[in-house]
Amino acid sequence: MYKPGNPAAWIDPRDIDWTQSLNPLTNPGWDAQNNRYVYHCLNDPYMLALRQAKGVEARTYVAPDTVNQVIPSGNTFDYEVPIEPNFWLYALAASGTGEDFLFQITDSVSGATLFSQPMPLSRMPQRLNTSNRGPQLFLATPQLYVPPSYPIVRVINTTAFSNTCRVTLFGAVEYNV
Amino acid sequence: MTPSASTQQSNQPTYVEEPAIYEFTTQLSSDEAVTDVAVPIDRDSDFLLTGIWGSSSGEFTLNFRLPSGRQISNQQILNTDILGTANQPVSIGPPPIYRAGSVGPQLDLTDISGATNNITILFGGIRRIRTT
């Protein structure tokens, strides 16, 4: 395998920890030549620590809950994600019935928003004809939600029709397994 | 990992790690839901799950259990949100380790396509075989 950023340098595959699912070197689609953004996201110092941490377990959350995913035209819906304590959010995915919608993720305590303005579904990886790269939008550094903080997912249906709006949060919880 | 030459570790078990893919296929009828479907893990090796991908003839939702018995998601996830492609699997991290002979990532599946749905899910990762 060639060293990212320096094709002339060689990395012995035996030097790579293939057991780390979030190690960018284990996936050719994530190397610095192919996807520099994801490569640096996964090499963020906090992400490095999370990748190697003990007592953490993978967890995903889908927002909103199933019965509230169909949003009427022009409506906004806030969903308080029922996370377990100390949830590390590192990636997102979003989907719907094909029509665009906006979404935002807000910290319940600080009020900090992940995006400076609501994010359109059409700007997510799956909607950019990059489905061969997978649905996950990785964050530049993982976001930790320490109790009593939790994420609030706001979905806004801006279309003229009822629309299924769904945001999936990928992360890990601190859990002594 | 290169085994240490020290005598202190010579009594430690040694393992061989190799790539492995567990393929799960099923057919769901219209709006059918199934729960806790086993994906049996080989009895001679642990399985470290690093990514999943798959294909289907229609939309469906799924959830699966981690080795601890807890489900990975608070509710079922749309297939296109959790199943990547062979080129770019969706990473499950930190990677769960399913013990040899276990029932593996028990799947909950629900068809939402309204038609017969042929589903293939591939669990990619590393098989760890104890050699001593």
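Predicted model: local features only at pLDDT ≥ 70, side-chain atom pairs only at ≥ 80, totals over all residues.

Biologist: Where in chain A is A:Pro24 found?

Modeller: Look at the elements on either side of this residue. Those are β2 (6-10) and α1 (36-42) of chain A, and A:Pro24 is found in the loop between β2 and α1.

Biologist: Is A:Pro24 buried or exposed?

Modeller: The cut-off for buried is 20 or more other C-beta atoms within 10 Å. A:Pro24 has 24 C-beta neighbours inside 10 Å, so it counts as buried.

Biologist: Which residues is A:Pro24 in contact with, leaving aside its neighbours within four places in sequence?

Modeller: Contact here means C-beta atoms within 7 Å. With those sequence neighbours left aside, the list for A:Pro24 is A:Trp30, A:Asp31, A:Val38, A:Tyr39, A:Leu42 and A:Asn43.

Biologist: How many residues does domain 1 of chain A give to the contact with domain 2?

Modeller: The assignment for chain A sets domain 1 at 1-43 and domain 2 at 57-174. In their contact, domain 2 puts in four residues, and domain 1 puts in four residues. On the domain 1 side, these divide into one polar, no charged and three nonpolar. So, for domain 1, the answer is four residues.

Biologist: Which strand gives the most to the side of chain A that touches chain B?

Modeller: That contact takes 30 residues from chain A and 27 from chain B. β3 (56-63), β6 (87-96) and β11 (163-174) of chain A each supply at least two residues. The top contributor, with seven residues, is β3(A).

Note on methods:
Residues numbered from 1 in each chain as written. Chains lettered and ligands numbered in written order. Helix = DSSP H or I, 4+ residues; strand = E, 2+ residues; numbered from the N terminus. Buried ≥ 20, exposed ≤ 12 C-beta atoms within 10 Å, placed from the backbone. Contact = placed C-beta atoms within 7 Å. Domains from an automatic or database assignment. Nonpolar A, V, L, I, M, F, W, Y, C, P; charged D, E, K, R; others polar.
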